Amino acid sequence: MTTRYDPERIRGSLRSVRLGRVYRLIHFSHRARPLNAVPTPSRFSDPAGQYAVLYVTESVRCGFWEALARNRFTRHRRRQMPRSDVESRLVVEIRSIEPLDLVDLREDGPIRIAAPTAVAHDANHAAGRSLSAATYANVPEADGFLFQSRFTGHVCAGVFDRAFEKLEALDITPLVVHADFLRALTDYDITLTTPSGLENRQRGANK
């Protein structure tokens, strides 16, 4: 699997990038370790589960779609999401304390390294994982990938665990009060719903 890509082509697409202010969404239970990540299935995760990838994006609303909303509203006439799903998430603001060397998969990036466009855009992550494994094993100077969100088009980065030390957490904010997220609710016509039992209790308390 890892021999299908020419390491020199991948090296030719490395870009030195300093991340200014980017964001990731985490569950509130991980607040104490906002830059931690473990090997779990994702676009550029290791098929063998030997290394972890941390994802950040230039926009909180993009992080919301990538990490939480995803395809849940597809073909739904009304866009509703339980408020509890949102209240359990935190926004971590991150920057890089030194440049990251990232494989650029934006625009024509995939075809430059002879990769299928599926590596960055397909809902099936098999192609991305194969490229990730080849890059991690054969291009040790690579810190991860630059790509565009298939949901919003914003720029995202997937950072290999060997480069986590190049990242710094600046701030942590509850997603439910973040200004960009609140604007996104209006822009995308999304309503946060409260479980019926809680609604009844709140009404009783207000009487």
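What percentage of the 207 residues of the chain count as buried? The figure is 44%. Bear in mind as you go that this is a predicted model.

**Stop 1: the whole chain**

Show the cartoon. Eight helices and 10 strands make up the secondary structure. The radius of gyration is 19 Å, close to the 17 Å that the globule rule gives for 207 residues, so the chain is as compact as a globular protein of that length. Draw a box along the principal axes: the C-alpha atoms fill roughly 70 × 35 × 30 Å.

Switch to the surface. The accessible area comes to about 11000 Å². Carbon and sulfur atoms account for 46% of that surface. Next, colour by charge. There are 30 positive and 24 negative side chains. The centres of these two sets lie 8 Å apart.

**Stop 2: helix H7**

Select residues 179–187, which form helix H7. Show side chains. Which residues of H7 are buried? They are Asp-180, Phe-181, Ala-184 and Leu-185. Look down the helix axis: these buried residues fall within an arc of 145°, so they line one face of H7. An α-helix has 3.6 residues a turn, so residues three or four places apart point the same way.

H7 is followed by Asp-189, and the phi of Asp-189 is positive, near 55°.

**Stop 3: Glu-93**

Select residues 89–96, strand S5, and pick out Glu-93 within it. Is Glu-93 buried or exposed? Its relative accessible area is 14%, and residues under 20% count as buried, so Glu-93 is buried.

Which residues touch Glu-93, leaving aside its neighbours within four places in sequence?

- Arg-21, Val-22 and Tyr-23 are among the contacts of Glu-93.
- Glu-168, Ala-169, Leu-170 and Asp-171 are also in contact with Glu-93.

Finish with a distance. Pick the C-alpha atoms of Glu-93 and Arg-18: they are separated by 14 Å. Along the chain, Glu-93 and Arg-18 are 75 residues apart.

Notes:
Residues numbered from 1 in each chain as written. Predicted model: local features only at pLDDT ≥ 70, side-chain atom pairs only at ≥ 80, totals over all residues. Heavy atoms only, no water. Buried < 20%, exposed > 50% of the residue type's maximum accessible area, 1.4 Å probe, protein only. Helix = DSSP H or I, 4+ residues; strand = E, 2+ residues; numbered from the N terminus. Arc of directions from axis to C-beta. Rg over C-alpha atoms; globule rule 2.2 N^0.38 Å. Areas by Shrake-Rupley, 256 points an atom, 1.4 Å probe, with all protein chains shown as cover. Lys, Arg positive; Asp, Glu negative; His and termini not counted. Charge placed at Lys NZ, Arg CZ, Asp CG, Glu CD. Contact = heavy atoms within 4.5 Å.
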